[in-house]
Amino acid sequence: MTEMTYAQAARLGLQEEMARDPLVWALGEDLGFEGGMAGQYKGLQAEFGDDRIVDTPISESTIMGAAVGAALAGTRPIAEMRFSDFAMCAVSELVNQGAKARYMFGGQGRVPMVARMPIGIRGGIAAQHSQSPEAWYAHTPGLVVVTPATPADNRGLLKASIRCDDPVVYMEHKGLWGMVGEVDENDQEPIPLGVAATIRSGSDITIVSWAAQVGVAAEAADALAADGISADVIDLRTLYPWDRDAVMNSAARTGRLLVVHEAVRVGGFGGEIAAEVAETLGVPVARLGGERIPIPFSIPLEEAYKIKADRIAARVKRMLA
Amino acid sequence: MPVSSNLANEPARVVEMFRKMLLIRAFEEAAGQAFHDGHVRGSVHQYIGEESIAVGICANLRDDDFLTSNHRGHGHSIAKGAHPRAMMLELFGRVGGTSNGKGGSMHIADFSVGMLGANGVIADGCTISVGAAQAIRLLKQDRIVVNFIGDGGINRGPFMEALNWAKVYELPVLFVCENNQIAASTTTRLVTAGEGIAKRAESFGIPAATIDGNDLFEVDSTTARVVAEIRNGSGPQLIQAMTYRLRGHFAHDPAAYRDPRELEAALGREPMVRTEAWLLENGVGADEIAALKAEVDDEIAGYVDEALNAPWPDGSLAFTDVQDVGAPEYPGEGR
């Protein structure tokens, strides 16, 4: 086991996949000298050449559209968007083209690309650099949506996404870039897509979350444990397809479900999970998500947006009352 | 020395290209009729009046060269080698269509001949093209990519982005702007600043040739030269082919927004009439041309007949080819 950050683990996963498969390449802004926003591409241009780590103009539509074309033409591109907020400049290329090319053409083509677009609050980067629009892409047929929450997952899930023959929206959480965790460098296997991880075991309630909110949910579970309440905490890891079996089995056992996410609650993907569980099991469900406001700048304002551990714990206690 | 076309010295080749133009014209007339008869749903954007461009461009491509098209893509597809039988079945939404009925008119593709797809979104093909060219570069192939765009598309951002991108990386892309002068119902020059597409391309350092797109000979000779240059590493180039859309934006558009005299004048310059006149002047008999037309009409009529009688796809097919990971399940009939 090696300790490394979430960003270093992503870099390792990409390096391994690029060494393994010459068809894998990445394109985006500032990947060479800068090595990506968090160093997740650091040194890879020197190692693999500037035709496999391609520094591009600030042209999000073309970064994404070129990835679609390059995938249709037989390669496995990774389109780096830097911020999911910037990827909104390339929604047509991803949603109208990449997600649907295989289907529209009757299965003639595949689009094995990764659209890498970090989400979430990192602190002080406000309304156009902090959003979590994962539900938009989970809503879109043809796309796989991945939201890693740990360094090990950010290596293993990235590897699986690169090997996937479907277009994958890969959403690292910017608040996690510096998170340190154990990574087993000897184990080169990808982590399968669509399989959740149970990070706390309990019997009173199921808490489902993803990305940076997983850590907050775990913190809440630890606090609840001190009060004699045991929570099953599930990190979905892949948002679409989400691990229905893991969630249903847990909720059937605990009899209650709470879904927590940083994204805005209204229309958030938590609603989909809560509804599925309620329809299938008939157990009580609840959601916690951001209020429907832009992410603000100033510290107390930004803090007011976040879903903190004490709020999660309080919500759980209300459900158990 | 630029490669020059000897098409005028090759009447047999002209006949072959004329036949392809006739095939496109007959396909489009039949598709329009089938639309009016209620057999074809959605939208049918006919390529009538622009046939010499697709045929003249694609005659100079290899099967493994890539092509990306737009909403008005039937002509490009046929010229690149897609089979009109499978295309007609697709328009009718039947089994055996190019996309098995999943795409329809605006999503015709035939990857076996490098046709990477028509496109329902204006100018989105531009970015796909530069990406395909980047794959060609990475795979060390000597293919090129041709992207067809209309004059309306040059005002979308992705077109400008893709021009810049293609030049920055000196990619093997030929942009072909079919300038039929009207974007749906809007006269393009009224909504386009500057001196138009050729100047825009040149401002990126991309060589741009403006030609009479209705002149098969000029399209062929220019394309032969430009394709050879691109294949030899010239980087991207653009051809602006001036033309005129003889029909409405789509089959149900009577094009009431334009002056009938403009259409009348255009009819005298249209490519079928001009190519046919050349053939008559160069030793091809009227009876031979009539026989060619009859043969092509029969061929297309046969495809329409076949499409009318072809089976509909099973509802379960709507659920295939979406994605491998998280593939949808067919919930069955009567759910």
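This is a predicted model: local features need pLDDT of at least 70, side-chain atom pairs count only at pLDDT 80 or more; totals for chains, interfaces and linings use all residues.
Figure 1. Residues are numbered from 1 along each chain as its sequence is written, and chains are lettered from A and ligands numbered from 1 in the order in which they are written. Turning to charge, the mean positions of the 29 positive and 41 negative charges of chain A are 4 Å apart. In this count Lys and Arg are positive and Asp and Glu negative, with His and the chain ends not counted; each charge is placed at NZ of Lys, CZ of Arg, CG of Asp or CD of Glu.

**Figure 2. The overall fold of chain A.** Chain A has 13 helices and 14 strands, where helices (H or I, at least four residues) and strands (E, at least two) are DSSP runs numbered from the N terminus. Its radius of gyration is 19 Å, close to the 20 Å that the globule rule gives for 321 residues, so chain A is as compact as a globular protein of that length. For the record, that radius is taken over C-alpha atoms, and the rule is 2.2 Å times the number of residues to the power 0.38. Along the principal axes, the C-alpha atoms of chain A fill a box of roughly 60 × 40 × 40 Å. Of the 321 residues, 61% count as buried, meaning under 20% relative accessible area, with exposed set at over 50% and partly exposed in between (1.4 Å probe, protein chains only). Among contacts in chain A with a separation of 6 or more, 81% come from residues 24 or more positions apart; a contact means heavy atoms within 4.5 Å.

**Figure 3. The two domains of chain A.** Chain A is divided into domain 1 (2-183) and domain 2 (197-320), with bounds from an automatic or database domain assignment. Taken over C-alpha atoms, the centres of these two domains of chain A are separated by 26 Å. Where they touch, domain 1 of chain A supplies 24 residues and domain 2 of chain A supplies 22 residues.

Figure 4. A:Glu3 sits in strand β1 (residues 2-5) of chain A. This glutamate is exposed, with a relative accessible area of 57%. A:Gln8 belongs to helix α1 (residues 6-20) of chain A and is partly exposed, at a relative accessible area of 43%. A:Gln8 and A:Gly49 are 41 residues apart in sequence, and their C-alpha atoms are 20 Å apart in space.

**Figure 5. A cis peptide bond in chain A.** Zoom in on A:Tyr240 and A:Pro241, and you will find them joined by a cis peptide bond with omega of about 0°. A:Pro241 is placed in the loop between β12 (238-240) and α10 (244-254) of chain A.

**Figure 6. The overall fold of chain B.** Chain B contains 11 helices and seven strands. With a radius of gyration of 20 Å, close to the 20 Å that the globule rule gives for 335 residues, chain B is as compact as a globular protein of that length. Its C-alpha trace spans about 65 × 50 × 40 Å along the principal axes. Of the 335 residues of chain B, 56% count as buried, and the accessible surface comes to about 13,300 Å², with 52% belonging to carbon and sulfur atoms. Among contacts in chain B between residues at least 6 apart in sequence, 74% join residues at least 24 apart. There are 29 positive and 45 negative side chains in chain B, and the centres of the two sets lie 5 Å apart.

**Figure 7. Positive phi angles in chain B.** B:Glu170 has a phi near 50°, a positive value in a residue other than glycine. B:Glu170 is in the loop between α6 (157-168) and β3 (173-179) of chain B, and counts as partly exposed at 34% relative accessibility. B:Ala184, also not a glycine, has a positive phi of about 55°. Its place is the loop between β4 (182-183) and β5 (186-187) of chain B. At 34% relative accessibility, B:Ala184 counts as partly exposed.

Definitions and conventions: Side-chain values use heavy atoms; hydrogens and water are left out. Accessible areas come from the Shrake-Rupley method with a 1.4 Å probe; for residues, only the protein chains shown count as cover.
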